[in-house]
Amino acid sequence: MPRYLARRLGQALLVVAGVVTLTFVIMRMVPGDPAVAFAGPKASPEELAAARARFGLDDSLPAQLWSYVRDLATGDWGTSLRTRRPVRDDLFAAFPASLELVGAALILAIAVGIPVGVLAARYKTKFPDFGVRVGSMLAVSVPVFWLALALQTVFASNLGWFPVAGEYDGALDSSSPLTLWTNITIVDALITGNWPILTSTLWHLVLPGLVVAAYPAGVIAQMTRAALIEEAGQDHARLERALGFGETSILTRFALRPALNPVLSLIALVFAYAIVNGFLVEAVFNWPGLGRYAAESIRSLDTPAIAGVTLLVAVVYVLANLVVDLLQGVVDPRVRAR
Amino acid sequence: MTTEPVRLRRTLPRLPDRFAAFGAVLLLLIVLAALFAPWLAPYPPDELRPLEALLPPSAEHWFGTDSVGRDVLTRILYGARTSLVIAVAVLAASATVGVTLGVVAGYAGGLVRDVIMRVTDVFLAFPALLLSLALAVVLQPSVTTVIVAIAVTWWPWYARLSSSVAASVATRSYVDAARCLGVPAPKIVLRHVLPNSLTPVLVQLSLDAGGVILTAAALSYLGLGAQEPAAEWGLMVEQGQDLFTTNWWVVTFPGLAILLTAFAFNVLGEGLRNALDPRRAVIR
Amino acid sequence: MRWHKRLLVAGVTGAVALTASACAGGQVRGADKTPRPSASSGSSAPAAAQANEATFVYAPNLDVVTDWDPATSYSNENIAMANIYESLTRYNTETKKPEPRLATEWSSAADGKEWTFKLRQGVKFHSGKELNADAAKAAIERTMKLKGGPAYIWDSVKTIEAPDASTLKFTLKYATPLDLIASSGYAAYIYDADAVEQAKDGEGDAGTGPYTIDAWNKGKETELTLKAFDDYWGGWTPEKYRKVAFRVTPELTTAWQLLQNGEVSFVQRLNPQLFDKAGATSGVQTTQTASFQNLLLLFNTGNGPLKDVNVRKAIQLALDYDGLAAALKGAGVKSSGLVPQGLLGYSAEQAPAQNLEEAARLLSMADYGPDLNELKLTLTYAQGDADQQLMVTILSSALKKLNVTLQAKPLQWNAQWDQGKAKKQDIFVMYWYPDYADAYSWFLNVFRSSEKPEFNLSYLNNPEIDKAIDALPELTATDRDKAEQSYADLQKKILQDEAAAAVPYVQTYQRALSAKVEGYVDNPAYPNVVFFYDLKPAG
């Protein structure tokens with residue numbers, strides 16, 4: 001196990017190094033002079049020179065890359081051209097809200113996807129299976145931004161069942177102020193017992209959560225179904241059938257556990273995918289997360305901020321993969337040997 | 001992962017799968033619509049009639065008109081062309097690059113394989129939409145930009161896939177035999193390794209087309225892709241989004257068009273995979 | 001973004017105290033003094049004598065404050081600043097004259113080169129200091145010294161004197177209508193010059209206005225709240241709104257929904273479709289006012305393909321002005337020349353028209369056109385502005401027929417402006433409105449040559465035009481007929497001879513507000529500003 005751990009960590013580090021390089025290259029591809037953009041229109045030649053020196057724009061490319069890496073490592077992720085605050089602080093303020101949205105969506109997706117997958121496998125080729133196949137296919141094929149607009153229009157604007165936008169009712173900031181510990185609103189509201197904000201946040205989460213959950217739920221349902229059908233065809237299932245177990249209990253009691261292994265690794269992939277998909281949803285629902293930040297940065301050609309978002313999400317993605325691999329290594333010794 | 005396709009093929013039903021056939025028919029209709037758009041469309045695609053703006057669906061305009069009086073149905077038909085062109089171009093480019101690198105990596109093994117696969121890992125660490133986003137910001141917004149941006153994020157999947165297939169093929173005895181007979185490496189790759197890698201790649205291509213279409217639409221929705229006056233579904237949704245509550249048809253039909261096209265590709269792709277290559281993961 | 005035309009990229013200084021710094025356990029989100037932004041909490045009280053406890057909530061679609069300094073502020077924050085600060089006069093759009101504000105009366109002498117203002121007595125700054133002539137002089141001198149974007153309005157001032165505590169005397173280099181200039185929505189505020197230096201961003205202010213800063217939460221949805229200044233010289237009656245909140249709402253649909261639910265009181269802009277709907281919805285009232293705000297397409301006369309005047313003329317002729325006006329469905333009217341109706345300098349004979357044949361002919365002279373070379377043009381416009389997007393759609397369709405490809409990029413103002421100052425686009429689209437009710441700023445700020453372009457984003461450099469522009473203020477003060485003629489000539493030169501810009505339409509301000517509010521008057525001289533002090537609950 002230690003050897004597997006070391007190898008897997010080494011791989012992850014290599015990937016992160018590559019990600020940093022790639023982000024650097026993309027940033028340097030931007031047309032125009034970041035020093036001019038930073039120093040502002042009224043900058044004197046001296047101020048411009050200072051800005052150039054600050055960004056190291058006069059150094060060679062490898063030297064620039066090296067100082068970029070060094071800055072990243074010391075926590076200097078650059079300064080946003082738009083907000084003029086450190087990108088790291090901006091990301092830190094925005095990320096918890098994204099985590100909240102994607103976390104809620106994933107819980108929902110798992111809670112719906114796995115039972116639905118079991119249902120489809122149990123009634124393979126029957127009507128429920130057909131329904132799940134069509135439904136899950138639609139869920140993975142729907143453009144999220146459009147689904148977000150449609151749900152918002154129908155259920156918030158027209159019917160008024162849910163709030164139109166935002167993370168929670170802003171008025172609660174004064175009537176029931178939230179004490180921050182983790183910066184994730186829903187968690188903080190829970191641990192400090194702030195029920196008004198908790199219920200308001202949950203209420204605001206419903207529509208964006210549903211939209212972000214659509215794709216993962218569809219994929220998880222398909223994967224569960226496929227894995228279960230395969231497990232049900234294995235030798236052990238034949239034995240269980242011979243021992244008189246019904247199809248339902250074979251699926252849920254014996255086949256589900258091994259079938260969940262591929263589903264687990266899928267969830268890591270889906271997690272990162274959902275964060276990026278969430279970008280499109282956050283903009284529609286005015287959710288104060290990374291996606292809204294990214295969208296605003298794109299429209300301001302704010303390269304340091306875009307690079308920051310790219311890097312952060314890529315690192316989260318690598319980490320998620322790493323965690324799942326290690327978990328699988330613990331659960332299933334065969335993985336370690338690979 | 002695809003080392004024992006033959007044994008596994010028994011466990012799942014083969015084609016004909018009615019669901020997959022439905023996807024194929026739907027896709028065929030979409031392709032026909034794209035091909036014959038100029039003949040099918042009731043109006044010219046960018047004829048502006050500001051006085052007839054935002055008309056609801058009627059006998060003259062089945063899907064209504066947009067904010068400058070263009071026929072929405074016409075633009076959806078032409079939009080099918082844009083979407084399919086993007087999908088084909090992205091998949092062709094990324095499959096060519098990916099398969100080439102993958103087969104080389106898989107066959108050569110050793111250091112070459114390590115280097116190629118580590119680079120692939122780096123690209124795989126970016127969710128496709130994210131890297132496309134970053135790239136699309138740097139480049140001028142256009143359909144070409146969308147194609148380049150998505151292709152850059154898509155090829156590693158083919159590299160990874162074909163390298164594992166190629167690696168397994170490379171250890172087969174007939175390849176060993178060819179090597180012993182002194183057949184040069186490029187020839188072995190072309191004659192034996194490449195053809196054997198193609199089936200999973202083809203399956204993957206059909207599975208991916210839906211994803212490419214969704215990503216392209218998302219980029220255009222964000223204003224980073226197709227530009228006015230081009231007819232593109234994502235762009236149409238973006239332009240109409242403020243009108244959703246008052247003029248639903250402007251947004252609803254382009255969105256449905258994206259949904260149906262991605263759906264058709266996904267259903268067909270799943271059917272092909274079940275028939276040809278059942279062990280491959282549902283998504284990557 | 002429509003009114004977001006000029007955002008001063010303040011020095012790098014704006015290092016604001018962070019609202020959410022790293023892992024701060026136990027922090028309380030939002031200031032605890034933030035009042036509840038609800039429009040209706042006190043509306044159940046029928047008696048007029050009952051105090052108005054309700055908060056008036058304004059829903060802007062962009063961040064409100066970019067610059068807190070009343071001397072240099074030149075952007076969106078005017079919607080807050082105009083309620084915190086006051087100037088000597090205020091422009092009345094109905095009488096078309098400046099009215100007393102901090103000055104009670106004024107007179108000019110020596111052919112408009114000397115102006116004397118009598119100051120109002122008993123006015124207190126929010127800092128507690130009394131307003132007197134020395135304080136007013138210090139404020140204006142500080143504004144002039146800082147040379148912020150709008151400080152040009154005081155360019156004609158040679159000296160300011162304070163002969164006694166209530167008299168302010170200006171001596172000018174050349175005659176200008178100083179009473180009108182003093183009503184400017186930017187750079188004309190009278191503030192406590194000492195206090196303004198000490199006040200940290202958003203934590204205090206130095207105005208005399210009816211409201212003062214309550215809490216500023218940069219980047220938050222409810223970005224800014226204001227509260228009544230108890231010692232306001234105008235006094236307070238119970239029915240007036242004492243609390244105001246600005247709730248940033250980028251999406252039109254969301255803003256409309258919030259207005260319908262009664263969560264916000266005022267939405268500064270909807271699209272024409274939602275505006276129609278608002279007009280037919282109970283609980284909501286709408287107003288429509290012709291504005292001084294028009295859309296400018298500034299052509300890059302400095303470099304690129306539009307350096308050729310024939311190509312510029314072709315693009316001017318390609319736009320379907322009437323089609324655009326029709327598609328705007330009441331949100332704008334086709335313009336005639338650079339100066340909107342209602343201002344000196346407007347001429348009804350400069351209305352543009354589409355002419356594709358002539359456009360093709362002009363293009364062919366530069367070897368572009370349907371059977372010749374393809375022309376690629378880049379255009380930047382305001383992200384999120386539906387009207388500008390409509391214009392881009394209509395322009396790009398017409399240009400496509402001429403074998404001209406338009407690459408249009410929607411950007412947030414800062415990015416768009418940075419690119420503009422670096423001369424990176426062929427066509428720069430922006431709104432312009434005057435700082436005070438006078439056409440001069442279109443010419444001085446937008447078309448007078450400058451070494452480093454600020455708003456001269458057509459990069460026009462014509463000494464003859466410059467000379468005529470420089471003569472405008474004095475001419476306006478001395479001989480209005482001649483001034484009118486000069487304005488007409490200048491517009492002809494800029495729009496027809498130089499073809500430096502196209503001016504498709506003048507915006508019509510379409511506001512939607514809660515029916516529970518009474519007393520709202522849209523004053524287009526102060527774009528998007530609501531003077532909260534003038535409002536009260538209906539009934």
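Q: How far apart do the C-alpha centres of domain 1 of chain C and domain 2 of chain C lie?
A: This is a predicted model, in which local features need pLDDT of at least 70, side-chain atom pairs count only at pLDDT 80 or more, and totals for chains, interfaces and linings use all residues. Residues are numbered from 1 along each chain as its sequence is written, while chains are lettered from A and ligands numbered from 1 in the order in which they are written. Chain C is divided into domain 1 (3-265 + 516-537) and domain 2 (290-508), with bounds that come from an automatic or database domain assignment. The C-alpha centres of these two domains are separated by 31 Å.

Q: How many residues does the contact take from domain 2 of chain C?
A: Two residues are in contact if their C-beta atoms, placed from the backbone, lie within 7 Å. Domain 1 of chain C gives 28 residues to the contact, and domain 2 of chain C gives 22 residues.

Q: Is C:Glu454 buried, exposed or partly exposed?
A: C:Glu454 belongs to the loop between helix H12 (440-447) and helix H13 (463-470) of chain C. A residue is buried if 20 or more other C-beta atoms, placed from the backbone, lie within 10 Å of its own, exposed if 12 or fewer, and partly exposed in between. Because C:Glu454 has 16 other C-beta atoms within 10 Å, C:Glu454 is partly exposed.

Q: Which helix gives the most to the side of chain B that touches chain A?
A: The contact takes 37 residues from chain B and 43 residues from chain A. On the chain B side, helices H5 (110-124), H6 (128-138), H9 (185-221) and H11 (249-276) each supply at least two residues. The most, eight residues, comes from H11(B).

Key:
Helix = DSSP H or I, 4+ residues; strand = E, 2+ residues; numbered from the N terminus.
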